[in-house]
Amino acid sequence: MDDEKKRIFTILVIDGGGVRGILPARVLQEIVERTGKPVAEMFDMVGGTSTGILLAAGLVAPDPEYPNKPRFSAGEMKNFYMRYGPKVFPPMRFKSLRRVSSDALYDPKPLEDVLLKNFGDVKLKECLTHLVIATTDIKRFKPVWIKSFKGQKDTSKEGWGSMLLREAVRATTSAPTYFPARYVETTPDENMPHVKQRHSLIDGQFFAGNAPHRMYAMAKKIAPPDAEIVVVHVGTGDVENRLTPEEFNKLGVLGLVSKAQGSILMSLAFNMAAEDSRANMREELGNKYFSFDGILGVNNNGGNGMPTNSLDDASPENMKNLLKFGDDMVKNHDADIDRLCSILKRKAFMEQSHTASRSAFQKICDALDEKKTVKSVTALYKKVLRYSTDLADKPEPGDEKLLAAAKQLTSAHKEDLDRYYNTLLDSRKSQNSTLNALRTFSDNIRDALSKATKPAPPTSNDNTSPDDKKKPPAPPPSAA
């Protein structure tokens with residue numbers, strides 16, 4: 001990191017991949033265990049698509065009994081896949097025939113029942129972090145980013161914050177051919193709850209490879225201006241395609257899109273776009289970008305302890321192999337996970353420092369505000385500056401709380417305090433100038449009134465000159 005004293009804004013992006021969501025759950029479980037903090041506390045913004053959002057929902061939805069805590073831990077979400085994967089993706093014969101003859105491969109009711117049971121009527125705006133969900137609008141065939149920023153007013157014309165979390169998950173997990181698409185609703189104006197807006201949304205996997213870069217752009221608008229932004233991508237296993245020209249030519253058109261060949265054409269399109277986006281992030285962020293993933297062979301059909309590359313293979317053997325593959329991902333990325341965890345721990349420390357500093361800043365501002373003269377404001381501010389240095393450790397009598405508050409100020413809040421002091425100083429100067437002018441005006445009025453009410457000197461009616469009045473009276477005439 002460039003500045004050890006800067007705050008840190010963290011982004012978590014989780015890929016889609018059906019039951020392979022158990023892989024990022026295992027990686028996140030490891031990160032939680034090493035930091036001792038839940039995902040919702042470590043990451044400011046969480047997003048992705050499909051199963052990545054299902055995983056994210058469990059990690060950032062509030063607990064019914066403890067609203068400030070997440071509903072599930074990463075370890076519990078790993079078990080979530082083990083428990084519900086076989087119900088959502090039940091085994092079936094003639095799967096390829098059903099794909100052709102039906103509107104979707106799987107009945108969505110088991111998935112919808114799971115979402116209702118675990119997320120109830122939680123709305124996006126109630127989640128513990130900023131949440132960004134990649135979906136595709138099939139009515140207009142364009143990308144749609146469902147966004148809900150914690151603690152901020154929902155300014156979207158769609159009213160995404162009013163959307164039920166389970167409905168958002170249902171939309172983004174509607175992978176083409178796997179689950180049928182259906183409408184979801186939002187309430188653009190919650191003061192008019194009867195007015196709804198319908199959206200025809202499905203999986204955003206078509207463009208979700210760009211999610212890290214898109215979320216990074218969003219974060220730059222809402223993160224603290226002095227914060228370092230860290231982006232963490234967790235994948236569900238890349239399908240590696242290695243073909244010679246001869247092998248590629250033999251596939252033909254059907255071979256490129258067939259399920260048996262892993263839908264190579266679609267896989268190539270998704271993976272290349274995602275890899276290009278990740279390369280851009282590495283170039284732009286350097287060591288502030290992390291990517292945890294593993295490689296699955298395109299023709300891997302299980303065996304030798306390896307999971308299949310299928311996103312709907314919830315067989316007991318494959319789920320067990322996925323768990324093992326997740327453990328291998330953790331081992332292969334051990335050093336980077338350690339480096340990330342040290343950053344996340346420092347983030348937690350910096351946030352605690354920022355919270356304490358913000359409280360101290362408010363206390364000092366209140367104390368300054370109580371001072372009514374320029375002299376007293378300046379004297380207190382100089383004290384704060386002195387107490388905030390590393391050398392000051394002995395307060396003047398009665399300044400113990402002031403010293404403690406000054407010591408907690410971060411550099412950012414010191415700058416804020418300087419601006420507040422200068423503003424307050426100007427205000428006090430203006431107030432003092434006004435008071436002095438009022439005093440002068442009052443004195444002038446008082447003098448004028450005093451002169452106006454002073455008694456006039458007595459007047460005389462004789463014609464004696466002033467000089468005669470000064471002479472002593474003449475003696476009385478003597479008797480003749």
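**Close-up views of a predicted model**

View 1. Ser174 counts as buried because its relative accessibility is 2%, where buried means under 20% relative accessible area, exposed over 50% and partly exposed in between, with a 1.4 Å probe and protein chains only. This is a predicted model, in which local features need pLDDT of at least 70 and side-chain atom pairs count only at pLDDT 80 or more, while totals for chains, interfaces and linings use all residues. Residues are numbered from 1 along each chain as its sequence is written, and side-chain values use heavy atoms, with hydrogens and water left out. Ser174 lies in the loop between α7 (165–172) and β5 (182–186); helices (H or I, at least four residues) and strands (E, at least two) are DSSP runs numbered from the N terminus. The side chain of Ser174 makes a polar contact with the side chain of Arg170 at 2.6 Å, a polar contact being a pair of N or O atoms within 3.5 Å in which, within protein, one must be able to donate a hydrogen and the other to accept it, and residues adjacent in sequence count only if both atoms are side-chain atoms. When neighbours within four places in sequence are left aside, Ser174 is in contact (heavy atoms within 4.5 Å) with Phe179, Pro180, Ile202 and Asp203.

**View 2. An aromatic cluster.** Phe72, Phe80, Tyr81, Tyr84 and Phe119 form one aromatic cluster. The structure holds 10 aromatic pairs. In one of them, the rings of Phe72 and Phe80 have centres 6.1 Å apart and planes at 65 degrees, so the pair is edge-to-face. The rings of Phe80 and Tyr81, with centres 6.3 Å apart and planes at 70 degrees, therefore also make an edge-to-face pair. Rings of Phe, Tyr and Trp (its six-membered ring) pair if their centres lie within 6.5 Å, and planes under 30 degrees apart count as stacked, over 60 as edge-to-face and the rest as tilted. Phe72 counts as buried at 17% relative accessibility, Phe80 counts as buried at 6%, and Tyr81 is buried with a relative accessible area of 5%.

**View 3. Helices, a strand and the lining of the second largest pocket.** The largest share of this lining, 9 residues, comes from α12, and β1 (8–14), α2 (39–42) and α12 (334–370) each supply at least two residues of the lining.
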